[in-house]
Amino acid sequence: MEPREPQEPREPGPGEETAAAQVWEEAKIFYDNLAPKKKPKSPKPQNAVTIAVSSRALFRMDEEQRIYTEQGVEEYVRYQLEHENEPFSPGPAFPFVKALEAVNRRLRELYPDSEDVFDIVLMTNNHAQVGVRLINSINHYDLFIERFCMTGGNSPICYLKAYHTNLYLSADAEKVREAIDEGIAAATIFSPSRDVVVSQSQLRVAFDGDAVLFSDESERIVKAHGLDRFFEHEKAHENKPLAQGPLKGFLEALGRLQKKFYSKGLRLECPIRTYLVTARSAASSGARALKTLRSWGLETDEALFLAGAPKGPLLEKIRPHIFFDDQMFHVAGAQEMGTVAAHVPYGVAQTPRRTAPAKQAPSAQ
């Protein structure tokens, strides 16, 4: 066979150059999507707003907890290892964490070099062997959680201050009480009775007032002397700020991040919105609450004074990612209406602790 003469390269015909460029661009997009996504750098804990979340708050672990309680730690670890490639289902804190990450994305767009963002720490007394399933679950849902604290059966509470924790959420009420006793903002989180769609682009946080943002000073007067004396007391002390409650610092941290959006002219488009939802009456006791916030240099975007009416229906309209209250009655009412509610065990409304509590199996957080 005769060898072919080499052919002169020809110029692309009409439209061929454009088609080739399009194919190249599509191929580039395809391979870029295959490449691992570059994640942002973790902030230094002292510069960030640190949210510590237990594994049972972030994920549903009902079956695992049952095994732990009934069959012990060895069987629990064995079960977790056998199922480590199966991601956990989302738990009550999951939508809240996703909303925190949505705020972080906006903050990093506006302030690329700032570390003043939310930093999420997984805080659990699980054995380190269980960590693989937790990591797999976090990666499955594309969560940005780089800091883990797995204490192998010991209480994680002693580590909260080392992580500069601004808020601790757990499904374990006893651990939450320990954190509150250490002066750390904390709450026991509960799943709602039914699922409700919440905002994907705006973090919404609702707070009760007394014994949550404020001290329990006023609740003590109600309990000791009744509502009439309470109204008199609030009127007489309207211009005297209430002492701070356990979650005042968390509201302060949220306000600091909100101001970063305000300074860019984005007050109306701010991806953080806060609510005061209180059983107080506006006319008789509302002024002191608002003046207290003002004296702290703080505010909430909305203030709802319900004068003793149920909070659940209003929360159903707000659809917060989390609602904090010191009374289980209001927590249960919020749950019934589809709100993720968190109990703050602080103040006179709490059930007194027994001096010799019944022995319980510890939870695998």
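Author: Searching the whole structure turns up nine aromatic pairs. This is a predicted model, where local features need pLDDT of at least 70, side-chain atom pairs count only at pLDDT 80 or more, and totals for chains, interfaces and linings use all residues. Residues are numbered from 1 along each chain as its sequence is written, and side-chain values use heavy atoms, leaving out hydrogens and water.

Reader: Why is the pair of Tyr 68 and Tyr 76 called edge-to-face?

Author: Rings of Phe, Tyr and Trp (its six-membered ring) pair if their centres lie within 6.5 Å, with planes under 30 degrees apart stacked, over 60 edge-to-face and the rest tilted. The centres of Tyr 68 and Tyr 76 are 5.2 Å apart and the planes sit at 85°, so the pair is edge-to-face.

Reader: Which residues form one aromatic cluster?

Author: Phe 59, Phe 88, Phe 94 and Tyr 141 do.

Reader: What makes Arg 133 count as lying over the face of Phe 88?

Author: The rule wants NZ of Lys or CZ of Arg within 6 Å of the ring centre and within 35 degrees of the ring normal. Arg 133 is over the face of Phe 88, at 3.9 Å from the ring centre. Lys 260 likewise lies over the face of Tyr 111, at 4.2 Å from the ring centre.

Reader: Which residues of H5 and H10 make the contact?

Author: With contact meaning heavy atoms within 4.5 Å, H5 brings Phe 96, Val 103, Arg 106, Leu 107 and Leu 110, while H10 brings Phe 250, Leu 257, Lys 260 and Phe 261.

Methods: Helix = DSSP H or I, 4+ residues; strand = E, 2+ residues; numbered from the N terminus.
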